[in-house]
Amino acid sequence: MGEKVVAGRFDLSDRQRYRDKLRRCLTGLERLLAEKRFDRPKNLMGLEIELNLAGSDGMPKMLNAQVLERIASRDFQTELAMFNLEVNIPPHRLGGRVFDRLGEELRTSLAYADRKAGEVDAGIVMIGILPTLDRDDLVSSNLSDVDRYTLLNDQIVAARGEEFTLDIDGVEHLTCTSKSIAPEAACTSVQLHLQVTPGRFADVWNAAQAVAAAQIAVGANSPFLFGRELWRESRPPLFQQSTDTRPPELQAQGVRPRTWFGERWITSAYDLFEENLRYYPALLPICDDEDPLEVLDRGGTPSLAELVLHNGTIYRWNRPVYGIADGVPHLRVENRVLPAGPTVTDVVANAAFFYGVVRALAEEPRPVWTRLPFEAAAANFDAACKDGIDARFTWPRRGRYGGTTQVDAVSLVRDELLPLAEAGLDAWGVEPADRDLYLGVIEERCRRRVNGASWQAATFHKALDAGHTREAALAATTRRYRELMHQGDPVHTWPVGLPEPVPLG
């Protein structure tokens, strides 16, 4: 969300005024699009990674304020809970050895943050969901001490009007309730940004939606929550349920959740912002003094503050972003699909795959979204979350006969999407050495059928088989994960299991 907001109460007039301002913002966006006021193509990408703090025992540490004070860098900031941090990497132009440079910056930043965290007996763990998190860790008293998180929690809880129910049926079944949105903080992800022109936005967003399932299949890294083995990528169901403002009756009526894959292919960025106003009541009705239409009439660039804030409270897996740089407006696709980790090399490989395949799919003469029902793309996404690298997808059949067929995720990625990603990276001007190194990581994951989630599950089960309790096995798996993460070799090379005996718990 990123906005500086002040905790307080809202009355009826605030909501009406905010709704009116949202409509004026949407009209302003429509005018900006019609007047072609947006930035020219710049091939810019950006990256954010949410991180966990854990002790040497593998357990979460509620110390982000102390760690951030020691890091003292604007590249790092708070996230929802006290065991979370976020690192932001400045935008890069796609091309050349961009991925090697990105990897070097990330390694430097994370190593520095880990050293500073060590001063308070904590360390950085880059993982989708920390396996050692307990229900007692995810309570409102452990939310970061920042007004916007308190306010967001209060408004979502008030909108729901009752406790949140978590119900995830995977390898095992988890059911529990929460009085706050704190369980959302378990979800730590990578957000990939791509600045695009308005004319390219719909094609890029549609392409990103189509390949979201493949991203999850090769990148899943969140198999555990509260001691249970659930989906291979448990973040999406957890995120949806822990921010769900709909009581069961509204769910039964088909009211859309605020964490959402979507329901249709689009023709313009405007479609998504317009849906936001049509479907979602305001959570944070905070009004700016700016009149966006008056600013436009004077030839200026409106901030569209209410539109931006509202958009930040709707958690699409591919989200539209309106921003301003040097007085010029631009649009970005924010890809929010991927979990954090396991290593910097894996994160950069996931990024290279995304930027390559999205470019190639967006430029195909017969785009995949004209041949794949949107419902199938959404079902693919769920299948990837549940089954990870072993998922099966519905995908357009090759050749002149058309229609769709069933295909293994690894076969789809290896045979069709990786060659497209290669072509896409070539089109961006990425050097072959970068392209081959990082796409090679994705290819090896497919060949060995290994990702972060499969490694975590296999190592956990080995520990159980060796006689450790569930809690001891999860803690030992987390410690081993952290050790291998900092060594930096990609996850497909990690040996399964624990290197030394652990005391029986």
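1. The second largest pocket has a volume of about 440 Å³. This is a predicted model. The pocket's lining counts 23 residues. Pro236, Pro237, Gln240, Pro257 and Thr259 lie nearest the centre of this second largest pocket.

2. Which elements each supply at least two residues of that lining? They are α6 (235-242), β10 (259-260) and α12 (374-387). Helix α12 gives the largest share, with six residues. By type, the lining of the second largest pocket splits into eleven nonpolar, six polar and six charged residues.

3. Now helix α5. The helix covers residues 198-219, 22 residues in total. At 1.5 Å a residue it should span 32 Å, and its end C-alpha atoms are 29 Å apart, which agrees. Even so, α5 carries a kink of about 45°, centred on Val211.

4. Is α5 largely enclosed or open? Of its 22 residues, 18 are buried, so the rest of the structure largely encloses α5. Buried here means under 20% relative accessible area.

5. Next, the cysteines. How many disulfides does the structure hold? The count is zero. A disulfide would need two cysteine sulfur atoms within 2.5 Å. For Cys385, the closest cysteine sulfur is in Cys187, 11 Å away, so the two are too far apart for a bond. Cys446 is in no disulfide either; its nearest cysteine sulfur, that of Cys385, is 17 Å away.

6. Are Cys385 and Cys446 buried or exposed? Cys385 has 0% relative accessibility, so it counts as buried. Cys446 is buried too, with a relative accessible area of 1%.

Note on methods
Residues are numbered from 1 along each chain as its sequence is written. This is a predicted model: local features need pLDDT of at least 70, side-chain atom pairs count only at pLDDT 80 or more; totals for chains, interfaces and linings use all residues. Side-chain values use heavy atoms; hydrogens and water are left out. Helices (H or I, at least four residues) and strands (E, at least two) are DSSP runs, numbered from the N terminus. The expected span of a helix is 1.5 Å times one less than its number of residues. The bend at a residue is the angle between axes fitted to the seven residues ending there and the seven starting there. Buried means under 20% relative accessible area, exposed over 50%, partly exposed in between (1.4 Å probe, protein chains only). On a 1 Å grid over the protein atoms alone, a cavity is a set of points where a 1.4 Å probe fits but cannot get out, and a pocket is an open set with protein on both sides within 12 Å along at least five of seven lines; lining residues have an atom within 4 Å of a point. Grid points are joined across faces, edges and corners, and a volume is the space filled by probe spheres set on the points. Ala, Val, Leu, Ile, Met, Phe, Trp, Tyr, Cys and Pro count as nonpolar, Asp, Glu, Lys and Arg as charged, and the others, Gly among them, as polar.
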